[in-house]
Amino acid sequence: MRLYTRTGDKGQTSLIGGRVRKDDIRVEAYGTIDELNCFVGQAAAEAAKHGELAEMAGWLVDIQQELFDCGSDLAYAKEGAPLKISAEPAVRLEGWIDQYIAEAPEITRFILPGGSSVAALLHVCRTVCRRAERRVVTLAAGQEINGEVLTYLNRLSDFFFAAARVANAKLGVPDTEYVRSAEVFRKPKK
């Protein structure tokens with residue numbers, strides 16, 4: 001198999017159902033998801049080095065599969081194409097987020113991205129995920145998309161925040177509070 005095709009040498013690329021410029025918003029959206037997937041792979045590899053983060057490493061690989069599905073759904077240039085992402089993955093992420101929030105120490109202030117190397121990478125994933133979400137929002141403003149992709153990305157960035165906090169907690173590394181932050185997170189009143 002040859003890796004190069006020479007079909008993109010003039011700045012065009014193929015979508016499922018057509019060709020577009022390589023700077024088309026659809027390509028930018030699924031390309032940013034691809035970039036995110038690379039960082040998730042790096043975070044999974046780092047998490048796998050720590051026995052206490054084995055479950056998290058497995059979940060990150062599951063997320064990589066779903067990110068490929070998101071990119072696939074966005075690569076369709078024609079209506080009526082079969083879609084891969086449904087509401088279920090976002091609902092599952094909510095369960096994982098709830099579990100991680102219960103496991104992490106409470107915070108009252110903003111925290112700085114960082115701590116352990118795993119948490120730092122998960123914060124990179126969070127911010128790249130937010131950028132991917134913005135690109136998909138721009139795409140959705142002008143073209144039909146699978147709306148579940150947008151929901152999934154929104155939930156996923158929250159998962160990365162919760163996972164970063166749990167990674168630090170399980171590895172015995174405290175979160176670093178933003179020193180000029182007001183108390184912005186409060187316990188819910190019962």
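This note comments on a predicted model of one protein chain.

1. Basis and confidence. Residues are numbered from 1 along each chain as its sequence is written. In this predicted model, local features need pLDDT of at least 70 and side-chain atom pairs count only at pLDDT 80 or more, while totals for chains, interfaces and linings use all residues, and side-chain values use heavy atoms, without hydrogens and water. The mean pLDDT (the predictor's confidence in each residue, from 0 to 100) is 91, with 92% of residues at 70 or more. Confidence is lowest in strand β1 (residues 12–15), at a mean of 68, and highest in helix α5 (residues 147–170), at 98. Where pLDDT is low, the predicted coordinates should not be read in detail.

2. Helix α4. The buried residues (under 20% relative accessible area, 1.4 Å probe, protein chains only) of α4 include Leu122, His123 and Glu133, and the buried residues of this helix pack against α1, α2, β3 (111–112) and α5.

3. Ser181. This residue lies in the segment after β4 (176–177) and is buried, with a relative accessible area of 8%. Beyond its neighbours within four places in sequence, Ser181 is in contact with Arg109 and Phe110, and a polar atom of the Ser181 side chain lies 3.2 Å from the backbone nitrogen of Phe110.

Terms used. Helix = DSSP H or I, 4+ residues; strand = E, 2+ residues; numbered from the N terminus. Buried < 20%, exposed > 50% of the residue type's maximum accessible area, 1.4 Å probe, protein only. Contact = heavy atoms within 4.5 Å. Polar contact = N/O pair within 3.5 Å; in protein donor to acceptor, adjacent residues only side chain to side chain.
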